[in-house]
Amino acid sequence: MKNGTMNDLTRFAIFAGVVLAMPLWLEPLGANYPDLLQKFAIYGIFAIGFNILFGLTGYLSFGHAAFLGIGSYAAVWSFKLFTMNAIPAVIFGVLFAGLLAYVIGFLSLRRTGIYFSILTLAFAQMSYNLAYSVLTPITNGETGLQLSQQDPRIIDSLFVEAGAGLPSTNLFGMKMSGYPGFYFCAVMLIICFFISMRIFRSPFGLMLKGIKSNQNRMNYTGLNTRPYALTAFVISGMYAGLAGSLLAVTDPLAGAERMQWTASGEVVLMTILGGVGTLVGPMIGAGLIKYFENIFSAFNNNVLADIFSFLPDSVSEVVVSVLGLFVGSGWHLTLGLLFMVVVIFLPGGIMEGIDRVISKFRSSRQPVADNKTVSSQNQPGE
Amino acid sequence: MTKDGKFDFSRRSLLRAGAATGLVAATPTFFMRNAFGAEFRNNPGNASEVKLGFNVPQTGPYSEEGKDELRAFKLAVKHLNGEGDGGMLNTFTPSSLKGNGILGKKVSYATGDTQTKSDAARASAKRMIEKEQVLMISGGSSSGVAIAVQSLCQEEGVIFMAGLTHSNDTTGKDKRRYGFRHFFNAYMSGRALGPVLEKEYGKERRAYHLTADYTWGWTQEESMKDTTEQLGWQTVATVKTPVGAGDFSQYITPVLNSGADVLILNHYGKDMINSLTQAVQFGLRDRQANGKNFEIVVPLFSRLMAQGAGDAIKGILGSTNWNWSLQDEGSQAFVKSFGAEYGAPPSMAAHTCYVQTLLYANACEMAGTFYPPEVIKALEGFKFDGMGNGPTEYRAEDHQCFKDVLVVRGNQNPTSQFDLLQVVEQTPRSQVEYDWKIFGGELGPYKV
């Protein structure tokens with residue numbers, strides 16, 4: 001199938017290659033360590049899933065963190081009650097997130113636009129408060145749900161004697177921390193990307209795009225759009241649940257702060273930053289935000305002073321003190337600036353920027369033949 | 001590829017997906033490097049430098065303490081490397097420290113922001129372990145965070161020298177072989193405060209608890225309840241409040257008509273500053289209840305909080321791990337070099353972090369290696385003095401330090417902006433000691 005200039009299969013192959021080679025090309029950027037790589041993959045899944053809802057149907061959900069949180073809790077409970085194997089944890093995470101998404105979606109999708117956003121935000125905030133204080137026996141509140149020696153682990157206890165320390169999460173014996181954990185998440189991400197691509201290309205995807213461009217007109221043709229929107233909402237909630245359960249797989253702990261509204265806002269930022277309605281954009285946005293959060297926030301003035309030590313002392317002092325505001329605990333400031341620049345100059349996100357660069361590059365080489373390819377760039381889906 | 005509105009998973013696309021999955025599954029073997037080989041996590045080998053990780057809250061309700069902890073860590077690194085005036089290195093006995101780094105290797109450090117959140121703290125600790133290759137992680141300021149990071153450190157095989165964490169659980173039911181705590185805990189606070197409360201407020205009191213809703217708050221409430229009920233006090237109500245609430249008026253109003261005559265604030269950091277200030281604004285301290293003066297108790301007190309709360313702390317009782325006004329040699333040396341460096345006396349959070357860093361370095365010197373099981377054995381049961389708390393012991397069974405506890409009162413007539421706490425009593429170690437078995441929990445294995 002052709003869409004734009006690239007075959008879907010090629011696109012998928014390139015995506016898979018780039019994701020799996022992350023440890024190689026992120027090395028010079030200082031981001032090649034398992035925890036951050038895992039976060040890239042996991043939040044990539046989260047953002048891709050969010051984009052199925054927001055990018056295709058135009059419904060802006062401000063409560064996706066609730067699904068991320070319930071995915072984590074379900075996964076940790078699966079570790080506590082049944083087995084340390086990652087597969088059941090992931091299944092439970094997706095399942096429970098799907099159920100919650102069905103309930104919240106069923107109620108919220110009665111409204112559109114800002115009212116829908118507010119409703120989802122309200123539900124997410126309710127879930128957060130439930131997890132934080134009301135359901136303390138299940139969620140362990142602020143302290144967070146953790147594994148303990150006394151957990152039953154019914155299935156594991158049938159096969160192996162409990163060791164002296166806490167068991168670690170595994171995939172049939174392969175430990176799920178460090179690089180193996182990353183590859184597990186990366187494979188999940190690639191599968192999710194594939195599914196998302198198929199949804200974008202399917203008649204179901206077209207229907208969702210129809211909802212985005214004019215829901216009223218769709219209704220006038222005698223079509224009930226709500227089941228479609230609800231399906232998209234549930235799928236997107238399941239993606240978030242998967243991301244949440246993977247967070248627990250790579251680090252078996254679930255805290256209520258995962259459900260806070262800031263976490264919901266973060267995924268909106270990721271998607272807009274990367275490019276709403278594009279296939280790869282949300283993944284790029286997720287990577288960028290996690291990179292800022294982990295690498296920029298760890299810079300302190302000593303590190304900056306090292307970097308600028310080639311400048312004369314008086315100059316480097318000024319440079320360091322000014323730049324110091326933008327790193328360390330000021331990383332939010334840098335992110336805010338970047339976000340403003342992107343939204344003002346590239347409303348289509350970073351993907352729009354990339355497209356512009358590519359089309360400029362093309363037009364300088366073949367000035368005549370590019371008219372057709374350029375026109376396809378405005379369409380949703382690419 | 002799609003017909004009749006259904007997904008069409010043809011044989012061809014299935015094959016493709018299968019091939020892709022196979023390729024993907026095989027990939028880890030191409031890229032996995034450095035995953036095995038070192039006989040323990042982050043072995044410095046022949047490197048001339050070792051790195052320590054300082055993971056403190058730089059944002060969130062406990063950020064003031066976190067920033068002061070970071071200052072202390074930097075000072076400790078300086079002293080370990082033989083720079084500055086040496087601080088407690090000169091008073092610490094028995095010391096194996098030489099002022100040339102640790103085991104001849106220069107000490108450097110990495111910092112991280114826990115944001116007072118377990119998730120962020122663990123992410124930050126993981127970054128330090130995996131990317132910065134730190135040998136030891138220290139820090140805290142919230143017990144929830146400390147417990148989360150401590151269990152991570154056990155899994156990763158990196159030693160965790162807890163900073164400010166006061167929950168009984170840290171060395172109680174959540175204790176770990178790789179985790180050590182110099183700071184005192186809620187149980188000791190209760191034991192130390194008990195006799196003073198009895199002397200000051202009598203045996204017939206009705207107490208109302210406001211408690212930070214997480215592990216530290218829970219255990220402190222429990223310990224304070226036990227202590228006060230043993231004195232004969234009654235507990236009117238215990239109310240949990242969210243961490244970082246900001247506004248506590250909705251929790252304080254009900255206290256007025258509850259029939260209580262003592263308010264126990266199990267809060268810390270900015271939360272304590274806010275709740276105490278509001279309680280005083282609501283006129284609680286000017287009230288009479290049951291024919292007695294209404295009193296407020298803050299079981300865990302720190303100078304930084306006192307500074308934030310201003311006049312509200314005058315006359316209020318609490319307990320603390322250490323105070324800069326102590327006159328012993330170790331405290332004086334530390335206050336002097338901290339003051340010279342930063343222009344203000346250190347807080348108790350800074351003190352415990354500084355001491356923990358020195359203790360870790362000393363244990364490495366004693367063990368003659370960075371190999372964690374040996375370092376742990378050197379720390380277990382280690383007795384030392386000259387660190388500001390008098391003779392101190394790291395109990396081997398639960399990795400909790402035992403030493404004297406200070407009962408303090410908010411100073412009525414401070415002579416300077418730092419002279420805010422007045423030591424009422426130095427409770428001897430024997431009075432706050434307990435059997436380690438009462439909290440349950442298991443340390444776990446030496447080797448991970």
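## Helix pairs and loop residues in a predicted model

Tutor: Let's open with chain A, where helix α13(A) passes α16(A) in a right-handed crossing. Keep in mind that this is a predicted model.

Student: Happy to start there! How are α13(A) and α16(A) oriented to each other, roughly parallel or roughly antiparallel?

Tutor: Helix α13 covers residues 281-295 of chain A and helix α16 covers residues 331-345, and their axes come within 9 Å and cross at roughly 155°. Angles over 145 degrees count as roughly antiparallel. The pair α13(A) and α16(A) is therefore roughly antiparallel.

Student: By class, how many nonpolar residues are in the contact of α13(A) with α16(A)?

Tutor: On one side, α13(A) brings L288(A), I289(A), F292(A) and E293(A). On the other, α16(A) brings W331(A), T334(A), L335(A) and L338(A). The contact also has one polar and one charged residue, and its nonpolar count is six.

Student: Now for α1(A) and α9(A). At roughly what angle do their axes cross?

Tutor: Here the partners are helix α1, residues 8-20, and helix α9, residues 178-201, both of chain A. α1(A) passes α9(A) in a right-handed crossing, and the two are roughly antiparallel. Their axes come within 10 Å and cross at roughly 160°.

Student: How many charged residues are in the contact of α1(A) with α9(A)?

Tutor: From α1(A), the contact is made by residues including D8(A), R11(A), F12(A) and F15(A). From α9(A), the residues include F182(A), Y183(A), F193(A) and R201(A). By class there are 13 nonpolar and no polar residues, and the charged ones number three.

Student: Let me try a single residue. Is S78(A) buried or exposed?

Tutor: S78(A) sits in helix α4, residues 65-81 of chain A, and touches T83(A), P88(A), A89(A) and F92(A) when residues up to four places away in sequence are not counted. Its relative accessibility is 1%. Buried means under 20%, so S78(A) counts as buried.

Student: What separates the C-alpha atoms of S78(A) and P88(A)?

Tutor: These two residues are ten apart along the chain. P88(A) is also one of the residues that S78(A) touches. Their C-alpha atoms are separated by 6.9 Å.

Student: What is phi of R153(A) near?

Tutor: R153(A) lies in the loop between β3 (145-146) and α8 (154-159) of chain A. With a relative accessible area of 6%, R153(A) is buried. Phi here takes a positive value in a residue other than glycine, near 45°.

Student: On to chain B. With which side chain does the side chain of D261(B) make a polar contact?

Tutor: D261(B) is in the loop between α8 (249-256) and β8 (262-266) of chain B, and is buried at 0% relative accessible area. Among the residues D261(B) touches are R205(B), R206(B) and K292(B). The polar contact, at 2.8 Å, is with the side chain of N290(B).

Student: Is N290(B) buried or partly exposed?

Tutor: N290(B) is found in the loop between β9 (288-289) and β10 (292-293) of chain B. Its phi is near 50°, a positive value in a residue other than glycine. At 43% relative accessibility, N290(B) counts as partly exposed.

Student: What distance lies between the backbone nitrogen of R429(B) and a polar atom of the side chain of D404(B)?

Tutor: D404(B) is in the loop between β15 (401-402) and β16 (405-410) of chain B, and counts as partly exposed at 22% relative accessibility. Beyond its neighbours within four places in sequence, D404(B) is in contact with N389(B), Q426(B), T427(B), P428(B) and R429(B). From the backbone nitrogen of R429(B) to that side-chain polar atom of D404(B) is 3.0 Å.

Student: What relative accessibility does H351(B) have?

Tutor: H351(B) has its place in helix α12, residues 348-367 of chain B. Residues it touches include M88(B), H182(B), W322(B) and N389(B). H351(B) counts as buried, with a relative accessibility of 0%.

Student: One more: what is omega near for the peptide bond from T93(B) to P94(B)?

Tutor: P94(B) is found in the loop between α3 (63-80) and β2 (106-113) of chain B. The peptide bond from T93(B) to P94(B) is cis, with omega near -10°.

Key:
Residues numbered from 1 in each chain as written. Chains lettered and ligands numbered in written order. Predicted model: local features only at pLDDT ≥ 70, side-chain atom pairs only at ≥ 80, totals over all residues. Heavy atoms only, no water. Axes fitted to C-alpha atoms, helices over the stretch in contact; angles between N-to-C directions. Helix = DSSP H or I, 4+ residues; strand = E, 2+ residues; numbered from the N terminus. Parallel < 35°, antiparallel > 145°, perpendicular 65-115°, else oblique. Left-handed = near helix turned anticlockwise from the far one by under 90°. Contact = heavy atoms within 4.5 Å. Nonpolar A, V, L, I, M, F, W, Y, C, P; charged D, E, K, R; others polar. Buried < 20%, exposed > 50% of the residue type's maximum accessible area, 1.4 Å probe, protein only. Polar contact = N/O pair within 3.5 Å; in protein donor to acceptor, adjacent residues only side chain to side chain.
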